[in-house]
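Hello,

I am passing this structure on to you, with notes on what turned up in it. Please look through the entry below before reading the rest.

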Amino acid sequence: MEKEKPFKLFVPPRLSGGQVSAVKPQTSARTTGLCQNIEAMNELYSKLYKEAEKIKRWKLTVESELKQKERKLQENRKIIEAQRKAIQELQASIFENEKLSLKLEDEICENKDLLKENSASRHLCNLLKETCTHFTEKSTKYEHEREETRQLYVELNNNVERMIMAFEELRVQAENARLEMCFKLKEEAEKVDKAEKEWKLEVSMKEKQDMKEKC
């Protein structure tokens, strides 16, 4: 804040020959400076408020993305679990088919239909294993992304809390400064009014004195 300038009272010069000149006292430029300081604080308050609103909207967006990733992760887990059960059932079926194949090989040289079914089961099992591996890798990736997003959310939430506290402190400081400036402006106005009254009284006394001298 710029250094305050002392208030100066303009006293009209004494006139000769009984003439009286009414000159209004000049006001200090301090009132204008105080008003500008108040406008600057209001503008800063508005900017801080807009920045806080942007951060809150970003926080809501991050929360929404985190929930969507969580839903996708749950869906992938269900798919993986279902595929694991299917693989276990197929493996059990293959095991039974292999036992039966060994028994049949002892009795029959070859059973083409059974071998084809066994080969198809193996092929399907391999495909399901590959699919399960793919979804497992994808699920792991989502796990890492969810953890990174969660950490980012925690950091963001802490930053928002700190900004809200700082914003509240600035708001209180701005309000206190505004009240203080209003009080000072009122004092300055009272001083100006008092000076004007004293000046008018001096002029009136001068007029009376000049009238007495003429008489």
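Start with the aromatic residues. Phe-167 has a relative accessibility of 16% and counts as buried, because buried means under 20%. Its partner is Tyr-49: the two ring centres lie 6.3 Å apart and the planes meet at 45 degrees, so the pair is tilted. Tyr-49 is partly exposed, at 44% relative accessible area. A search of the whole structure gives one aromatic pair.

Next, the cysteines. The search of the whole structure finds zero disulfides. Cys-132 is buried, with a relative accessible area of 10%, whereas Cys-182 is partly exposed at 35%.

Last, confidence. This is a predicted model. Its mean pLDDT is 77, and 80% of the residues reach 70 or more. Over residues 1-27 pLDDT stays under 50. For that stretch the model has 32 contacts beyond four places in sequence. Where pLDDT is low, the predicted coordinates should not be read in detail.

Regards

Methods: Residues are numbered from 1 along each chain as its sequence is written. This is a predicted model: local features need pLDDT of at least 70, side-chain atom pairs count only at pLDDT 80 or more; totals for chains, interfaces and linings use all residues. Side-chain values use heavy atoms; hydrogens and water are left out. Rings of Phe, Tyr and Trp (its six-membered ring) pair if their centres lie within 6.5 Å; planes under 30 degrees apart count as stacked, over 60 as edge-to-face and the rest as tilted. Buried means under 20% relative accessible area, exposed over 50%, partly exposed in between (1.4 Å probe, protein chains only). pLDDT is the predictor's confidence in each residue, from 0 to 100. Contact means heavy atoms within 4.5 Å. A disulfide is a pair of cysteine sulfur atoms within 2.5 Å.
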